[in-house]
Amino acid sequence: MFLYILLGFLTLLGYALMKYYQFTAKYPKGPFPLPFIGNAHQFDFKHQWKSLQKLGSEQNGFYTLFSPIPFVQITDFEIIKEAFIDKGDDFVGRPDNEIIQEAFTFAPNAGVINSNGESWRENRRAAISIMRDFGMGKNLMEEQVRASVAEYIAHLDSIVDKEHADLRWPIQVMIANVINEVLFGYRYKYDDCKPLMDYVNGFSKMMEEMTDSIGLIDGRVRLSPD
């Protein structure tokens, strides 16, 4: 009796493994994944960029990682250019996110954050058209970006203790200055950006509280009464 149970278990296990590796074979070749954990044993989660850089050099810049969900990674510049510029329309889709769908949108596949397919293409075209009215793609926008980057580099040069520099706020200010210059016509100074810091911290706190208030029950998302 035990032998029959063992034989049945091994048969089911073998079938499951066969189906799993048939599934993985549909994706670009990458490091060999294990069942249930994928490539988690090969990934340094504390230094993710190092793992991606190492795997990219080993896999010629185009490969799939399984966690066990598949993620196609592109780390080669020429392949990135081909995928997102030459064949950009083939890669404009985004994965569905039920939490964002339920929490932020008023209708299925609506809004800028979570829409997909033709709806996302229309939103994207409208957003690009509006941004072009503000100077995107023109020399004016390029000059504003260059000016913001130049200020950022000058600020980095002024930091005395470069070994222990915190780049979070300098990067935030650099990006915010491009947006503010386009929309509002002013820039933050790196030594006087408290309003920006208060806004970012407040927004981050709000998002954390909103995330904590979202519960996943019976496969659907609902807001908890608290």
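**Fold, surface patch and side-chain pairs of the predicted model**

Residue Y186 lies in the loop that runs between helix α8 and helix α9 (194-212), where helices (H or I, at least four residues) and strands (E, at least two) are DSSP runs numbered from the N terminus. The model is a predicted one, in which local features need pLDDT of at least 70 and side-chain atom pairs count only at pLDDT 80 or more, while totals for chains, interfaces and linings use all residues. Residues are numbered from 1 along each chain as its sequence is written, and side-chain values use heavy atoms, with hydrogens and water left out.

With a relative accessibility of 37%, Y186 is classed as partly exposed, a class that falls between buried (under 20% relative accessible area) and exposed (over 50%), with a 1.4 Å probe and protein chains only. Y186 contributes to a nonpolar surface patch of about 900 Å², which also takes in I130, M131, F134, L167, I171, I175, I179, L183 and F184. Two elements, α6 (117-133) and α8 (168-183), each give two or more residues to this patch, and α8 supplies the largest share, with four residues.

When residues up to four places away in sequence are left aside, W169 touches L196, M197, V200 and N201, a contact being heavy atoms within 4.5 Å. The C-alpha atoms of W169 and Y190 are 8.3 Å apart in space, although the two residues are separated by 21 residues in sequence.

Taken as a whole, the protein contains nine helices and four strands, and these follow one another along the sequence in the pattern α-α-β-β-α-α-α-α-α-α-α-β-β. Of its 226 residues, 22% count as buried. The accessible surface of the protein amounts to about 16900 Å², and carbon and sulfur atoms account for 62% of that surface; the areas are Shrake-Rupley values with a 1.4 Å probe, and for residues only the protein chains shown count as cover. Among the contacts in the protein with a separation of 6 or more, 40% are made by residues 24 or more positions apart.

Strand β1 (residues 62-66) and strand β2 (residues 70-74) are paired in the antiparallel sense over five bridges, two strands being taken as paired if DSSP finds at least two bridges between them. N60 is counted as exposed because its relative accessibility is 64%. A positive phi of about 75° is likewise found at F36, which is not a glycine, and F36 is located in the loop between α1 (2-24) and α2. The relative accessible area of F36 is 73%, and F36 is therefore exposed.

Side chains of opposite charge can pair when their charged atoms come close. Five salt bridges are found in a search of the whole structure, each defined by a side-chain nitrogen of Lys or Arg within 4 Å of a carboxyl oxygen of Asp or Glu. One of them joins K54 to E58, with a distance of 2.7 Å from N to O; both residues belong to helix α2, where they are four residues apart, about one turn of the helix. E58 is partly exposed, at 46% relative accessibility. A salt bridge also joins K87 to E82 at 3.4 Å, N to O, and the two partners are both classed as partly exposed, with 41% for K87 and 37% for E82.

The side chains of E151 and R187 form a further salt bridge, at 3.8 Å from N to O. This pair links distant parts of the chain, as E151 belongs to helix α7 (residues 139-158) and R187 to the loop between α8 and α9, 36 residues apart. E151 has a relative accessibility of 33% and counts as partly exposed, and R187, with a relative accessible area of 25%, is partly exposed as well. Together with E181, the residues E151 and R187 are linked in a network of salt bridges.

Key. Patch = residues over 30% accessible without salt bridge, like charges linked within 9 Å, V, L, I, M, F, W, Y side chains within 5 Å.
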